[in-house]
Amino acid sequence: MSGVINTPGARSGVIGDQGGIGYEEGTATLVWKFGSTTQSSTQYTYYTKIGRIVCLQSRIFLDNSPSGSGVATLEGLPFLTANFTDSSPSVRVGYQNLIDGDCFLYAAANTTTLTMGKVVESDSSSMSTLSNGDFTQYSQIRFTFVYTTS
């Protein structure tokens, strides 16, 4: 193949906007909460969207000791998750310095919120959500989360 063919499906390395595929890169601001209490955090969050697929990469850490109570969430995904009925997108957190066991994030349908959970080390089939008691000052997580938009 010679030349640049600026159409979806072409093997030119250039993604065009024809056919509604679309390409977008940007930053996102995720809000770390315990219940309804917003936490002070520092983060580096970037996303790439190609068509309906979004890839979000983030490093986020608490600036202070956790406050408030309730389930740990990250709010502010750049796009709504798809309205799926069979399963929810989830990801195992690649790095975390906050809890024993495996930490994961998951999202429900039609939301911009990630919920934090963990797999209990003593029983790999047992899962629970995280709360402020699972974190300390400067706790951090790093993850890549891929999901489909509506």
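1. A polar contact is a pair of N or O atoms within 3.5 Å; within protein, one must be able to donate a hydrogen and the other to accept it, and residues adjacent in sequence count only if both atoms are side-chain atoms. Here is one to look up: the side chains of Thr45 and Ser58 make such a contact at 2.8 Å.

2. Before you go further, note that this is a predicted model, where local features need pLDDT of at least 70, side-chain atom pairs count only at pLDDT 80 or more, and totals for chains, interfaces and linings use all residues. Residues are numbered from 1 along each chain as its sequence is written, and side-chain values use heavy atoms, leaving out hydrogens and water.

3. How confident is the predictor? On pLDDT, its confidence in each residue from 0 to 100, the protein chain averages 79, and 71% of the residues score at least 70. Over residues 1-13 the pLDDT is below 50. Where pLDDT is low, the predicted coordinates should not be read in detail.

4. Back to Thr45, which you will find in strand 4 (residues 41-50); strands here are DSSP runs (E, at least two residues), numbered from the N terminus. Is Thr45 buried or exposed? Thr45 counts as buried because its relative accessibility is 3% (buried means under 20% relative accessible area, exposed over 50%, partly exposed in between, with a 1.4 Å probe and protein chains only).

Terms used:
pLDDT = per-residue confidence, 0-100. Contact = heavy atoms within 4.5 Å. Helix = DSSP H or I, 4+ residues; strand = E, 2+ residues; numbered from the N terminus.
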